[in-house]
Amino acid sequence: FTPKQKPACFATFMSTILFFKSDDVYVEIYTKEKMYVERATLKEIEKRILSPDFIRVHRSYFINKNHVKSRTTSQVIIGNTVIPVSRTFSSAFKENF
């Protein structure tokens, strides 16, 4: 994932990302201020982001754990968005929290 910004701004930009949401061949990138769309799969985005701050919680969601407001075993809340945690990714989710 390479935003159209200077490399010095990249780390700052990454910290503002709340979560990624898959939508077929597009990925929606949610920040506090704006939503971006990237033509890629969530798996491709996940491979490019090596930060331990991001974890996959569902086949359609890749989240920044620093922005989690609350969590249960089956969902997380980031901002005003409720994101499901699937059984497939629940063990990795538990390890990271």
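## Val68 and its strand partner

In this predicted model, Val68 sits opposite Ile78, a residue of strand S7. That strand covers residues 75–78, and three bridges link it to S6 in an antiparallel arrangement.

## The sheet around them

Let's step back to the sheet itself. S6, S7 and S8 come in that order in an open sheet of three strands, with antiparallel pairing. Strand S6 (68–71) and strand S8 (81–84) are the edge strands; each has a single partner strand, so one side of each has no neighbour in the sheet. On average, neighbouring strands here are turned by 25° against each other, direction ignored.

## His58, tucked away

Now have a look at strand S4, which spans residues 54–58 and includes His58. Is His58 buried or exposed? Its relative accessibility is 17%, and because buried means under 20%, His58 counts as buried.

Which residues does His58 touch, once its neighbours within four places in sequence are left aside? The contacts are Pro84, Ser86 and Phe89.

## A nonpolar patch on the surface

Finally, turn to the surface, where Val25, Tyr26, Met35 and Val37 make up a nonpolar patch. Together these four residues have about 330 Å² of accessible area.

One member of the patch, Tyr26, belongs to strand S2, which covers residues 26–31. With a relative accessibility of 37%, Tyr26 counts as partly exposed, because that class lies between the 20% limit for buried and the 50% limit for exposed.

Terms used. Residues are numbered from 1 along each chain as its sequence is written. This is a predicted model: local features need pLDDT of at least 70, side-chain atom pairs count only at pLDDT 80 or more; totals for chains, interfaces and linings use all residues. Side-chain values use heavy atoms; hydrogens and water are left out. Two strands pair if DSSP finds at least two bridges between them. Helices (H or I, at least four residues) and strands (E, at least two) are DSSP runs, numbered from the N terminus. Axes are lines fitted to C-alpha atoms, for helices over the stretch in contact, and angles run from 0 to 180 degrees between N-to-C directions. Buried means under 20% relative accessible area, exposed over 50%, partly exposed in between (1.4 Å probe, protein chains only). Contact means heavy atoms within 4.5 Å. Patches are made of residues with over 30% relative accessible area and no salt bridge: like charges are joined within 9 Å, nonpolar side chains (Val, Leu, Ile, Met, Phe, Trp, Tyr) within 5 Å. Accessible areas come from the Shrake-Rupley method with a 1.4 Å probe; for residues, only the protein chains shown count as cover. A salt bridge is a side-chain nitrogen of Lys or Arg within 4 Å of a carboxyl oxygen of Asp or Glu.
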